Each structure stands twice: as C-alpha cells, then as structure tokens.
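Visitor: I am new to this structure and would like to learn how to read it. Could you walk me through it step by step?

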Amino acid sequence: MSNATVSSLDEVHILLVEDNEIDVMAFERGLKKNSIANPMTVAENGMEALQVLRGEHPTKSVGSHRMVFLDLNMPIMNGVEFLEEVRRDPELSSTLVFVLTTSDHEMDLVAAYKKNVAGYILKSRVGEACKNLHDLMRTYWQIVVIP
C-alpha cells in the first residue's frame, strides 16, 4: 500500500474474488442499487487474485487502496489458501479482506479470523440485507483511516 491515507470509500478499488457468475452479478447489482460506483475487478480464484494484487495479471489491476471480498470455496486456490499467501507476502500483508461466503462451518470461520480478516459475511445474510453490506463499506471508510 502507498504512504497516502484513504479517507473515503470513493478512493477504494474493490476486488471481488468469486467464481460464481450469479454471485458476481448479485454483488454488482447491490453496489449499483446502493449508489456505490467504485471501480471493481473480479478474480475467479485465489491465484488470479494474487496476480491482480501483485500487478502481474495481463489485463486486470487494482489501485493501492483496495478492499477485497473473498469467497472461500473456489477452484485452483481457495480462499483460505489465498489468505495464507496474502498474509505471508510483506507487500500484501495489510490488505483489507472481508470473507463473503456460503460456508457457515466453524473451522472456516476460525481459519479466516486467524488470518486477520476484517469480517466474515455469509452470503445468505447479504441476500436478505444487501444494503447493510454496502452501508458497512461506506461507514468503514468514513470512520477508519488506512495507511
């Protein structure tokens, strides 16, 4: 991350790590419905997301101020493996990651929080109250200053 601080949601690039096209569309609809027009990039698995974050992807990129929404159950590299790699990488270790998943398994929840996620959100709850997720994003960046 750069030395500048982020003071508003408008400056944040969203990286959605999700392999399900329907879930991607639902997330995009929620952003639009709640007037969140931040740039968003989608990676279909953890490996692709790492390439995007490291600036190694041939066509996709995110800015230095980013918020990652991560599914856990994906092919090639799942969400927990992605988190392990991100936390090991000195350039990415402070990346803000929210888990957005269908998994309500205790072991997944514990594994995610052991990797310092900012939150663990069940997709089933987002569907019922999508506005709350987007309000959370807006509020987070209004009250928290990130390096």
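Guide: Gladly! Let us begin with a term: helices are DSSP runs of H or I with at least four residues, numbered from the N terminus. Keep in mind that this is a predicted model. With that term in hand, E48 is found in helix α2.

Visitor: Is E48 buried or exposed?

Guide: Buried means under 20% relative accessible area. E48 has 13% relative accessibility, so E48 counts as buried. Leaving aside neighbours within four places in sequence, E48 is in contact with V42, A43, H57 and K60. E48 and I76 are 28 residues apart in sequence, and their C-alpha atoms are 9.2 Å apart in space.

Visitor: Now the sheet. How do strands pair in general?

Guide: Strands of a sheet pair through backbone hydrogen bonds, in either a parallel or an antiparallel way. Here, 5 strands form an open sheet with parallel pairing, in the order β2-β1-β3-β4-β5. The edges are β2 (40–43) and β5 (119–122); each has a single partner strand, so one side of each is left without a neighbour in the sheet. On average, neighbouring strands of this sheet are turned by 20 degrees against each other, direction ignored.

Visitor: Which residue in β2 is the bridge partner of V17?

Guide: That partner is A43. Strand β1 (residues 13–17) pairs with β2 in the parallel sense over 4 bridges. Helix α4 (residues 106–114) packs on the sheet, where α4 touches β4 (96–101) and β5. The direction of α4 makes about 150 degrees with that of β5.

Visitor: How should I read the buried residues of a helix?

Guide: An α-helix has 3.6 residues a turn, so residues three or four places apart point the same way. In helix α3 (residues 79–88), the buried residues are G79, V80, F82, L83, V86 and R87. Seen down the axis of α3, these fall within an arc of 155 degrees, so they line one face of the helix. Their cover includes α2 (46–53), β3 (66–70), β4 and α4. At the start of α3, a side-chain oxygen of N78 comes to within 3.0 Å of the backbone nitrogen of V80.

Visitor: Which residues have the most contacts inside the largest nonpolar core?

Guide: They are L15, L53, V68, L70 and F82, in a core of 24 residues. Two or more residues come from each of β1, α2, β3, α3, β4 and β5. Not counting residues up to four places away in sequence, F82 touches G46, A49, L50, L53, V68, L70 and M77. Apart from this core lies another, of 15 residues, including V24, L31, M67 and Y140.

Conventions: Residues numbered from 1 in each chain as written. Predicted model: local features only at pLDDT ≥ 70, side-chain atom pairs only at ≥ 80, totals over all residues. Heavy atoms only, no water. Pairing = 2+ DSSP bridges. Axes fitted to C-alpha atoms, helices over the stretch in contact; angles between N-to-C directions. Contact = heavy atoms within 4.5 Å. Buried < 20%, exposed > 50% of the residue type's maximum accessible area, 1.4 Å probe, protein only. Arc of directions from axis to C-beta. Polar contact = N/O pair within 3.5 Å; in protein donor to acceptor, adjacent residues only side chain to side chain. Core = buried A, V, L, I, M, F, W, Y, C linked by side-chain atoms within 4.5 Å.
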